Amino acid sequence: MTYVPVVDPYECSAHGDCVEVAPEVFQLEDVAVVIGSGPPELILKAAESCPAVAISVVDDETGEAVFP
Ligand code: SF4
């Protein structure tokens with residue numbers, strides 16, 4: 001199972017919560033960008049930590065939206 005996070009740059013407020021939760025997955029530039037991958041639980045935890053709900057998560061195998 002592979003979860004792929006997608007950051008909406010127009011919603012991201014760049015405070016970095018996702019980077020704190022998963023620094024190997026997200027990096028803060030002008031907004032957060034995805035730089036890597038990680039276990040599904042970590043991707044979900046990072047998405048749930050985003051106060052702007054700017055991170056959506058897709059199951060790479062089924063193409064289904066997992067979050068939000
Ligand atoms: S937690 Fe959300 S708002 Fe904050 S930097 Fe990450 S994507 Fe942007």
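Q: Which residue in β4 does Tyr3 stand opposite?
A: Tyr3 stands opposite Asp59, in a predicted model where local features need pLDDT of at least 70, side-chain atom pairs count only at pLDDT 80 or more, and totals for chains, interfaces and linings use all residues. Residues are numbered from 1 along each chain as its sequence is written, and side-chain values use heavy atoms, leaving out hydrogens and water.

Q: What makes β1 and β4 a pair?
A: Two strands pair if DSSP finds at least two bridges between them, and 5 bridges join β1 to β4 (residues 55-59), so the two count as paired, running antiparallel. Strands here are DSSP runs of E with at least two residues, numbered from the N terminus.

Q: Why are β1 and β5 called edge strands?
A: The open sheet has 3 strands in the order β1-β4-β5, with antiparallel pairing; β1 (3-7) and β5 (65-67) each pair on one side only.

Q: What makes the space in this model a cavity, and how many of 30 Å³ or more are there?
A: A cavity is a set of points, on a 1 Å grid over the protein atoms alone, where a 1.4 Å probe fits but cannot get out, and by this rule there is 1 of 30 Å³ or more. The largest cavity holds about 110 Å³, a volume being the space filled by probe spheres set on the points.

Q: Which residues come nearest the ligand?
A: Of 13 residues around the ligand (a heavy atom within 4 Å), Cys12, Ser13, Gly16, Cys18 and Cys50 come nearest.

Technical notes
On a 1 Å grid over the protein atoms alone, a cavity is a set of points where a 1.4 Å probe fits but cannot get out, and a pocket is an open set with protein on both sides within 12 Å along at least five of seven lines; lining residues have an atom within 4 Å of a point. Helices (H or I, at least four residues) and strands (E, at least two) are DSSP runs, numbered from the N terminus.
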